[in-house]
Amino acid sequence: LAGLVLRSLLASRWGGHDTDMSCWMGWGGYIAQNGPATFYTAPGHEWYDYPPGYMLVLGVLAKLLSLLQVPAYSDAAVFAYMLPACAADIGCALLLMRAARREGFSNSWLLLLGVLTVFNPAAVVLSGAWGQIDSILTLFLLLSFEELLEDRRVSAGALYGLAIMFKWQALIYGPVLAAAYLLHIRSKRDAGDTVL
């Protein structure tokens, strides 16, 4: 809760990266009004470089804000567009704490891990002040790796695909998954399941 409060205060004070926030509100408004089908092909949209996963989130946010009659580009709208990344920061901390609990860490160590994750200065500034969505990418990658560690390769691959659909930078982690899948094929000789 303290981490969310801190991020909310930063979001209210700085309002995110001006260019990105303007783009996201404009993109969300376009999708809410016209749907996603022509988003990348409409005239003037050639430079839109985010994958479609987050664009759908932006469209839902714009539609919701419109239903609530929150004016576009208002402080409240900017704050709403920053909330998904702030919530993802908290989700990352909870995932790491859950993994540590499974490894037998004590409650005090779990709390320390959660505090270090939630109050990591880079994460606080990135999502709370700048409104960047890297923590959403991180959350999907953590979920994917958790599934991989539990030998649930199909869901690990699906979550990795979602990570790519939110931010292209997820491709950097492709070799990690590829190595895990290839090692699994080598030891278990079940290429069919792994291809799935």
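Predicted model: local features only at pLDDT ≥ 70, side-chain atom pairs only at ≥ 80, totals over all residues.
Two residues are in contact when heavy atoms of theirs lie within 4.5 Å.

Residue E147 belongs to helix α7. With neighbours within four places in sequence left aside, the contacts of E147 are R152, S155, A156 and L159. E147 is itself buried, at a relative accessible area of 12%, which falls under the 20% cut-off for that class.

Helix α8 runs over residues 153-166 and contains 14 residues. From the first C-alpha of α8 to the last the distance is 20 Å, close to the 20 Å expected at 1.5 Å a residue. The buried residues of α8 are R153, A156, L159, Y160, A163, I164 and F166. Viewed down the axis of α8, these buried residues fall within an arc of 160 degrees, so they line one face of the helix. A156 and L159 are among the buried residues of α8, and both are also in contact with E147.

**Aromatic pairs**

The structure contains 13 aromatic pairs. One of them joins F39 and Y40 in an edge-to-face arrangement. F145 and Y173 also form a pair, and the angle between their planes is 70 degrees, so this pair too is edge-to-face; the cut-off for that class is over 60 degrees. The geometry of the two pairs is set out below.

| Pair | Centre-to-centre distance | Angle between planes |
|---|---|---|
| F39 and Y40 | 4.9 Å | 80 degrees |
| F145 and Y173 | 6.3 Å | 70 degrees |

F145 is located in helix α7 (residues 134-149), while Y173 is in the loop between α8 and α9 (174-188). The pair therefore ties together parts that are 28 residues apart in sequence. F145 is partly exposed, at 23% relative accessibility, and Y173 is likewise partly exposed, at 35%. In the other pair, F39 is buried with a relative accessible area of 1%, whereas Y40 is partly exposed with 31%.

**Aromatic cluster and a charge over a ring**

F39 and Y40 are also members of one aromatic cluster, formed together with W24, W27, Y30, W47, Y48, Y50, Y54, F140 and F166. Of these members, F166 is also listed among the buried residues of α8. A further aromatic residue, W14, has R13 over the face of its ring, at 5.3 Å from the ring centre.

Notes:
Residues numbered from 1 in each chain as written. Heavy atoms only, no water. Helix = DSSP H or I, 4+ residues; strand = E, 2+ residues; numbered from the N terminus. Expected span 1.5 Å × (residues − 1). Buried < 20%, exposed > 50% of the residue type's maximum accessible area, 1.4 Å probe, protein only. Arc of directions from axis to C-beta. Phe/Tyr/Trp six-rings, centres within 6.5 Å; stacked < 30°, edge-to-face > 60°. Lys NZ or Arg CZ within 6 Å of the ring centre and 35° of its normal.
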